[in-house]
Amino acid sequence: MAFFHGEGDEALAAKYSPDDAPFLLARWHGEPAGCIALEPFDEIAAEIHKFYVASPFRGRGIGRALMQAILAEAITGPRSMLLVHTTVYMRSAVTLYEAFGFARCRPFRDIPDAIRHTEVFMQRPIRAAHDDCR
C-alpha cells in the first residue's frame with residue numbers, strides 16, 4: 001500500500017473502510033498489481049480514487065477488472081453518479097474511463113487557472129442514463 005500511495009495500510013483502511021468507500025487491491029500470482037477506491041463526493045455522487053496498475057502488470061486486463069469490480073460495488077451504494085478527476089497526461093486512463101461510459105463534464109472542484117488546461121473531469125451514471133454534467 002505504501003508503495004502505491006505513500007500511505008500505510010492502516011491509514012488507507014481508516015479512510016476507505018466504510019461501506020460506501022471500498023478500496024480494492026488486485027493481485028497477480030499473489031503480488032499486489034493494482035488498486036482502485038471509491039469515496040463519497042456528495043449525496044448524489046461518488047468519486048473514483050487511487051486507480052493504479054503497476055507498470056509490470058499493465059496490459060493484462062487488470063485495470064479493466066478493477067473498473068468492473070468498483071462499478072459492481074458502486075451499484076450496491078446509495079449514489080447515482082460516479083465522478084473521475086484525472087489529467088490529459090493519463091491517456092490510457094481516459095481511454096479506459098471512456099470505454100466504461102464516462103463522459104467529460106465541467107469541473108466539479110476548483111482548479112488553479114495555471115493547470116486547468118491539463119485537468120480532465122468525467123462522470124458516469126451508476127444505474128440510469130444521465131447526460132447532464134454537474
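**Pocket, core and ring pairs in a predicted model**

Sorted by class, the residues lining the largest pocket are eleven nonpolar, seven polar and seven charged. Here Ala, Val, Leu, Ile, Met, Phe, Trp, Tyr, Cys and Pro count as nonpolar, Asp, Glu, Lys and Arg as charged, and the others, Gly among them, as polar. The model is predicted, so to speak of a local feature takes a pLDDT of at least 70, side-chain atom pairs count only at pLDDT 80 or more, and totals for chains, interfaces and linings use all residues. Residues are numbered from 1 along each chain as its sequence is written, and side-chain values use heavy atoms, with hydrogens and water left out.

The pocket itself holds about 700 Å³ of space. Its lining has 25 residues, and Phe-51, Tyr-52, Met-90, Ala-93 and Tyr-97 are the closest to the centre. (On a 1 Å grid over the protein atoms alone, a pocket is an open set of points where a 1.4 Å probe fits, with protein on both sides within 12 Å along at least five of seven lines; lining residues have an atom within 4 Å of a point. The volume is the space filled by probe spheres set on the points, which are joined across faces, edges and corners.) Strand E3 is the top contributor to this lining, with seven residues. At least two lining residues each come from E3, helix H3 (62-75), strand E4 (81-87) and H4.

As for the overall layout, the protein has four helices and six strands, in the order α-α-β-β-β-α-β-α-β-β from the N terminus on. These elements are DSSP runs, numbered from the N terminus: helices are H or I with at least four residues, strands are E with at least two. Of the 134 residues, 39% are buried (under 20% relative accessible area, with exposed over 50% and partly exposed in between; 1.4 Å probe, protein chains only).

What sits in the largest nonpolar core? It takes in 26 residues, and Ile-48, Met-67, Leu-82, Tyr-97 and Phe-102 have the most contacts inside it. (Such a core is a set of buried Ala, Val, Leu, Ile, Met, Phe, Trp, Tyr and Cys residues joined through side-chain atoms within 4.5 Å.) Strand E2 (31-40), E3, H3, E4, H4 and strand E6 (119-125) each bring at least two residues to this core, and H3 has the largest share, at six.

Next come the rings. Rings of Phe, Tyr and Trp (its six-membered ring) pair if their centres lie within 6.5 Å; planes under 30 degrees apart are stacked, over 60 edge-to-face and the rest tilted. That gives four aromatic pairs. Phe-51 and Tyr-97 make a tilted one, at 5.9 Å centre to centre and 55° between the planes. This pair ties together distant parts of the chain, 46 residues apart: Phe-51 is in E3 (residues 45-53) and Tyr-97 in H4 (residues 91-99). Tyr-97 also pairs with Phe-102; their centres are 5.5 Å apart and their planes at 65°, so this pair is edge-to-face. Both partners are buried, Tyr-97 at 5% relative accessible area and Phe-102 at 4%. Elsewhere, ring pairs join Phe-41, Phe-108 and Phe-121 into a cluster.

His-29 lies in the loop between strand E1 (23-28) and E2 and is exposed at 72%. Lys-50 is in strand E3 and partly exposed at 23%.
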